[in-house]
Amino acid sequence: MRETKLLDSPAELRFDRITRMAQRSLGTKIALVSLIDADRQWFKSNVGLDVQETPRDVAFCDHAIRTPEDITVVLDAAKDNRFARNPLVTGDPSISFYAGAPLVTKDGQALGTLCVIDSEPRTEFSEEDRQLLSDLAETVMNEINLAEAQQENADLSLINDELQHRMGNMYAHISGLNTMISRTDA
């Protein structure tokens, strides 16, 4: 998680666009790019919620990352034994509906979720809805992977520049030694 350098970073339009699409397309009040840290869930992108993080022990997304191959759907949190007493259900923001698609790295690590939340329960979350949420979560991961690749390229470029500088210095030293040796032989 730390290697992504996303935790506690400023909001980014590239993620905010995706959460807005999720919120509008799936008809919910809230959409989040939620990253799970050791003891909290932190929102990299947040549409419709006034907080930036919640404790991990009450996070719906903590449940979702436990099965990174599946989308977690809770149609009515008040009727779900895992969440019925959760303070996010019984208090503000009064979560009734939740759907979260895990954000999974190439090596299978779930970083968090792209999730949609509403205060009204639902009777269904269709296969089409699941596919849309999954596709949008994949788009979030593409953005994360792109940023990591760009950082790796920048790091490699810096190393290359340093190596070129050192090779130039080494060449200058060898050239100087050759000059001194040629003068000594003469």
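I started with serine 9, whose side chain makes a polar contact with the side chain of lysine 44 at 2.6 Å. This is a predicted model, so I am reading the distances as computed values from a prediction. Serine 9 sits in the segment before α1, the helix spanning 13–26. Buried or exposed, I wondered about serine 9? Serine 9 is buried, because its relative accessible area of 15% falls under the 20% cut-off. Ignoring neighbours within four places in sequence, I found serine 9 in contact with Trp42 and Lys44.

Next I went to the salt bridges. How many does the structure hold? I noted eleven.

One of them joins arginine 14 to glutamate 12, with the closest N and O atoms 2.6 Å apart. Arginine 14 is partly exposed at 22% relative accessibility, and glutamate 12 is partly exposed at 23%.

Then I looked up arginine 40. Glutamate 53 meets arginine 40 in a salt bridge, 2.8 Å from N to O. That pair links distant parts of the chain: glutamate 53 lies in strand β3 (residues 53–55) and arginine 40 in strand β2 (residues 40–47), 13 residues apart. Arginine 40 is buried, with a relative accessible area of 12%, whereas glutamate 53 is partly exposed at 39%.

Arginine 40 also forms a salt bridge with aspartate 37, the closest N and O atoms being 3.3 Å apart. Aspartate 37 is buried, as is arginine 40.

Last entry: which residues are linked in a network of salt bridges with Arg40? I wrote down Asp8, Asp37 and Glu53.

Technical notes: Residues are numbered from 1 along each chain as its sequence is written. This is a predicted model: local features need pLDDT of at least 70, side-chain atom pairs count only at pLDDT 80 or more; totals for chains, interfaces and linings use all residues. Side-chain values use heavy atoms; hydrogens and water are left out. Helices (H or I, at least four residues) and strands (E, at least two) are DSSP runs, numbered from the N terminus. Buried means under 20% relative accessible area, exposed over 50%, partly exposed in between (1.4 Å probe, protein chains only). A polar contact is a pair of N or O atoms within 3.5 Å; within protein, one must be able to donate a hydrogen and the other to accept it, and residues adjacent in sequence count only if both atoms are side-chain atoms. Contact means heavy atoms within 4.5 Å. A salt bridge is a side-chain nitrogen of Lys or Arg within 4 Å of a carboxyl oxygen of Asp or Glu.
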